[in-house]
Amino acid sequence: MIKTIGVIGAGVMGAGIAAQAANAGLAVVLLDIVPGAAAQAIATMGRAEPAAFMHSRAARLITPGDLGADIGKLAVCDWIIEAIVERPDAKRALYAQLQTVRKPGSIVSSNTSTIPLATLTDGLGADFAADFLISHFFNPPRYMRLLELVAGPATRSDAIAAVRACCDVQLGKTVIDCRDTPGFIANRIGSLWAGMAVRHAIDLGLTVEEADAVMGRPLGIPRTGIFGLMDLVGIDLGPHVAKSLLASLPADDAYCRLYREEPLVARMIAEGRIGRKGKGGFYSRAADKSRLSIDLVTGEYRQQQEARLASLQTRKPADLADHPDIGGRYARAVLLDTLGYAASLVPEIAGDIASVDAAMRLGYNWKYGPFELIDRLGAGWLARALAADGRAVPALLAQVGDRPFYRVEAGTLQAFGVDGSYQNVARPDGVLLLDDIKRAGKPMARNAGASIWDIGDGVACLEFHTKMNALDQDVLGMVGRAVGMGAKGAFKALVIYNDGEQFSVGANIGIALFAANIAAWGEIEGAIAAGQQAMLALRNAPFPVVGAPAGMALGGGCEVLLHCAAVVASAETYMGLVEVGVGLVPGWGGCATMLARWSAAPKLPRGPMPAMSKAFEMISTAQVSKSAAEARDLLLLRDSDGISMNRDRLLADAKARALAMVADYAPPPSAKLRLPGPTGATALRMAVDGFVAMGRATAYDAVVGGELAIVLSGGDTDHTVEIDEDDVRGLERAAFMALLKKPGTLARVEHMLETGRPLRN
Ligand code: NAI
């Protein structure tokens, strides 16, 4: 097993890879040829946005050094990753040096984007070739889930297995096997797509706004489309990749045939207009901060304008590509080039279409890979459109005919293979996807907001499926139903999980606002009490309930997790009790649970004040963890809760955890609390007043903080009395109701619903 990693080259990629390895808890040696550069890179990453480190502690796992003086430090490394300048001679010279220091059995890999493996190992001997492979990370390495792996004919199979396991389980990547061809999968297809998306936009006379509107969401591509994406990654990056692809691909490759240097792009690079990291790019800001964009004909900036095309009203990629207006023709032209190219590259670049789709989804954040997109258009449609355009129809496309590339057979997803037959899409061991389970059968129970699925071995999965997985009466109803079913023996453990990007953004506040506007106070109070009961039912269930969040788990979504017997969280989990942002307090046991957790925290000084203050600090500032590791600091996760680095392993990890808890399971006892009462509330209110005086809190923050102070200080009590968590739940309900009747809270709720941002009133 790989425990110590060496990274050489502390640039954009090397530093990011080192950070992710440290996030995984691995020991890292980071070296650079420039003295001091590695140490500097660690410091820079500590300030990076989005954050490179999941926790400030991770930085301490990296030992920086200078290649010249410290190369000997690599002797302890199980795996050495090279991420230096993209030049074969420089890389080979470094490998020759490594041969003198690295330990027997250690593995060396390159992060090269474009250089063939055979070129990299040339002249270095059989021993080196056996230990060498290419591991291609995407930028930024913490957040991009794709890892392209290329092994040579001489690479040891145990070295491949070790790197695969480390990248998958520890670094959390989806490992895709690629053939040793230029640009591997994602950049090969992605570069052609980008080139054609620019070229056709210019030739057809679209504005940048129109091109991005068409090339983005309607096709399941991020809303940055093409020009926004180039601004984001740097306009100067494209020509580097293009140069390398042009040099290494045969002249009759479609990439070389279709490539065209764009004078506008060359001019922008020459003028330093390389995107967000430079003096603006296709989009920019005027001196008065108004939004500008480039006129693709003149190359001059003008005021940004909204894209208004009839084709943007279409709902499906097929309708867009068939639309007669300029947007439709643009989509069609780019799709024909890109999808035709992708179809022509299997099996040259990868053994199967599922790998190509996964690479584009994860490397370029596309919702659908090329073959999934082809299925949405129809493989037959694409073949006929290519033929009508006088172009060659790729063999694979001709072979599949009018059938889809993917089909579901006996509940299992299958993909069309190069041998002309459909094969099951295999998942690595330990990867369980709810999508696969859904294909195979019907839910055990379902309503509009949530479903219960049988995930095997006597474990059920409660899935939310409202918009952003907001919690409403349907979801709460299904929570109650799940507990009832489990109590009757329908399953022996429950996992709360969904495949969505966000676990849950919290209670549906639109409903609360509606009820408040018609003064349906009784209904609202009933709903809060029902929510508290649902959470308590989860906590007191006679079987283990394991929460398995990824992405945002906010407000009520966070409270669901606080009531689970255990949590296994994706490393990328952003948790917080954010109710004050909408002028409310956590009302479903969040306050009670945080008081209980902080009261039992071993490192906190004794007495009633510290626990109350800690809970107040995080709830009154709506603090959200930027990772699962940070959620542990806030006690939103317990030390006993698990963290999974790989999103695709989360459900299986949570299920295993649930099964391990089944024997002798007993729900946790309700905590007894000693809280300071009114003296504590006064102290908290004075603190908030201080923040208001300093301008760090608003007038209405003080009102909300005042109600929160009553709840967290325990109401009418004092530290000599032991109270129950349930007493705090009563205070939560009262504070919630009091706040919901205030105009300041209603203004916050309305603002949040309209803009998605908190109102600072
Ligand atoms: P970079 O220019 O940001 O960093 C390269 C670092 O390597 C610099 O700190 C430099 O001082 C150091 N260096 C150069 N020669 C060295 C040597 N002989 N020994 C030790 N250190 C040396 O480059 P970046 O972008 O991090 O790229 C590194 C590698 O990763 C390249 O092979 C590149 O093709 C590949 N790559 C880059 C991606 C990106 O988005 N930037 C994405 C995926 C791969």
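**Figure 1. Packing of helices α15 and α18 in the predicted model.** Helix α15, covering residues 326–344, packs against helix α18, covering residues 379–388, at an angle of about 105 degrees. The axes of these two helices are 11 Å apart. Angles of 65 to 115 degrees count as roughly perpendicular, and α15 is therefore roughly perpendicular to α18. On the α15 side, the contact involves Arg 332, Leu 336, Leu 339 and Gly 340. Their counterparts in α18 are Trp 381, Leu 382, Ala 385 and Leu 386. By class, the residues of this contact comprise 6 nonpolar, 1 polar and 1 charged.

**Figure 2. Packing of helices α16 and α17.** Two packed helices are described by the angle between their axes and the distance between the axes. For α16 and helix α17 (residues 370–377), the angle is about 100 degrees and the axes are 7 Å apart. This angle makes α16 roughly perpendicular to α17. Helix α16 contributes Ile 353, Val 356, Asp 357, Met 360 and Arg 361 to the contact, while α17 contributes Pro 370, Phe 371 and Glu 372. The contact of α16 with α17 has 5 nonpolar and 3 charged residues, and no polar ones.

**Figure 3. The shell of residues around the ligand.** There are 21 residues around the ligand, and those that come nearest are Met 13, Asp 32, Glu 86, Lys 91 and Ser 113. The shell divides into 11 nonpolar, 7 polar and 3 charged residues. Helix α1 (12–23) and strand β6 (132–137) each supply at least two residues of this shell.

Figure 4. The ligand taken alone exposes 830 Å², of which the protein buries 76%.

Figure 5. Most residues other than glycine have a negative phi, and most peptide bonds are trans. Pro 50 is placed in the loop between α2 (37–46) and β3 (62–66). Pro 347 is situated in the loop between α15 and α16 (353–364).

**Figure 6. The positive phi of Ala 410.** Ala 410, a residue other than glycine, has a phi near 50 degrees, which is a positive value. The loop that holds Ala 410 lies between β12 (406–409) and β13 (412–416).

Conventions. Residues numbered from 1 in each chain as written. Predicted model: local features only at pLDDT ≥ 70, side-chain atom pairs only at ≥ 80, totals over all residues. Heavy atoms only, no water. Axes fitted to C-alpha atoms, helices over the stretch in contact; angles between N-to-C directions. Helix = DSSP H or I, 4+ residues; strand = E, 2+ residues; numbered from the N terminus. Parallel < 35°, antiparallel > 145°, perpendicular 65-115°, else oblique. Contact = heavy atoms within 4.5 Å. Nonpolar A, V, L, I, M, F, W, Y, C, P; charged D, E, K, R; others polar. Near = heavy atom within 4 Å. Areas by Shrake-Rupley, 256 points an atom, 1.4 Å probe, with all protein chains shown as cover.
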